[in-house]
Amino acid sequence: MTYYHPYDTFLAYSHLDKHLIEPVINTLESQYDIKCCIGDRDFLAGKSVCQNMADAVDRSKCTVVFLSENFTRSQWCTLERELAEHKGQLSKQVVVIPVILPQFDITKIPKTLQHVTYIRYHDKRLYDKLLRGMQIKESRSLAEHDTIRGILTVWCENLYRKETIKKQIKLGQCVHSKSLSSPV
């Protein structure tokens with residue numbers, strides 16, 4: 001038995017670029033009948049952000065990453081991209097399709113995507129290239145799906161904790177247990 005992906009693609013983008021992404025969402029869904037997973041619309045309230053991201057990546061056949069300055073500066077966008085890349089490593093499939101938004105300096109493409117063929121946002125064949133890139137065969141069993149989703153969730157939560165601690169240390173907000181003990 002294979003697991004059914006309810007979404008054709010998860011679209012990972014910075015909310016600051018939403019004005020550029022909304023027309024793509026509308027076109028993919030209305031003209032091409034592509035089922036898109038969109039964080040603002042499809043993430044479940046009450047679930048951790050990491051769990052929602054892991055579910056979105058795992059329940060989608062692929063992830064389209066819209067690269068921009070805003071995207072590369074966002075910790076959440078970086079986590080979404082890294083989850084999609086990690087899924088690709090676990091499943092041994094190509095699951096990340098990078099789209100370069102206008103004014104993005106391609107020399108700033110994340111190292112892990114520098115070897116991946118990308119699509120430019122203003123490419124006349126944007127939709128044709130996206131649709132061809134989304135042609136991913138379903139081959140995982142339900143057990144494999146659950147294992148990969150679990151790994152992605154734990155990986156995301158650990159990475160998020162690590163980044164949060166780094167930021168707290170950098171800002172001098174990390175409290176050590178010694179400073180909490182009362183004087184003798």
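Author: H5 gives the largest share of the lining of the second largest pocket, with four residues. Helices here are DSSP runs (H or I, at least four residues), as are strands (E, at least two), numbered from the N terminus. The model is predicted, so local features need pLDDT of at least 70 and side-chain atom pairs pLDDT 80 or more, while totals for chains, interfaces and linings use all residues. Residues are numbered from 1 along each chain as its sequence is written, and side-chain values use heavy atoms, without hydrogens and water.

Twelve residues line the second largest pocket, and Glu85, Val96, Thr112, His115 and Val116 lie nearest its centre. A pocket is an open set of points on a 1 Å grid where a 1.4 Å probe fits, with protein on both sides within 12 Å along at least five of seven lines; lining residues have an atom within 4 Å of a point. The volume, the space filled by probe spheres set on the points, is about 200 Å³ for the second largest pocket. Its lining has six nonpolar, five polar and one charged residues.

The largest pocket holds about 320 Å³ of space. Of its 16 lining residues, Tyr13, His15, Asp40, Trp76 and Glu80 lie nearest the centre. By class, nine residues of this lining are nonpolar, five are polar and two are charged.

Strand E4 (96–100) leads on to H6: E4 is among the elements that cover the buried residues of H6, together with H1, strand E3 (60–67) and strand E5 (119–120). Those buried residues (under 20% relative accessible area) are Leu126, Leu130 and Leu131. Seen down the axis of H6, they fall within an arc of 125 degrees, so they line one face of the helix.

Rings pair if their centres lie within 6.5 Å, and planes under 30 degrees apart count as stacked, over 60 as edge-to-face and the rest as tilted. This rule gives two aromatic pairs. Tyr32 and Tyr127 form a stacked one, at 5.8 Å centre to centre with 20 degrees between the planes. Tyr32 lies in the loop between helix H1 (18–31) and strand E2 (36–37), and Tyr127 in H6 (residues 126–133), so the pair ties together parts 95 residues apart in sequence. Tyr32 itself is partly exposed, with a relative accessible area of 35%.

How values were computed: Phe/Tyr/Trp six-rings, centres within 6.5 Å; stacked < 30°, edge-to-face > 60°. Buried < 20%, exposed > 50% of the residue type's maximum accessible area, 1.4 Å probe, protein only. Nonpolar A, V, L, I, M, F, W, Y, C, P; charged D, E, K, R; others polar. Arc of directions from axis to C-beta. Contact = heavy atoms within 4.5 Å.
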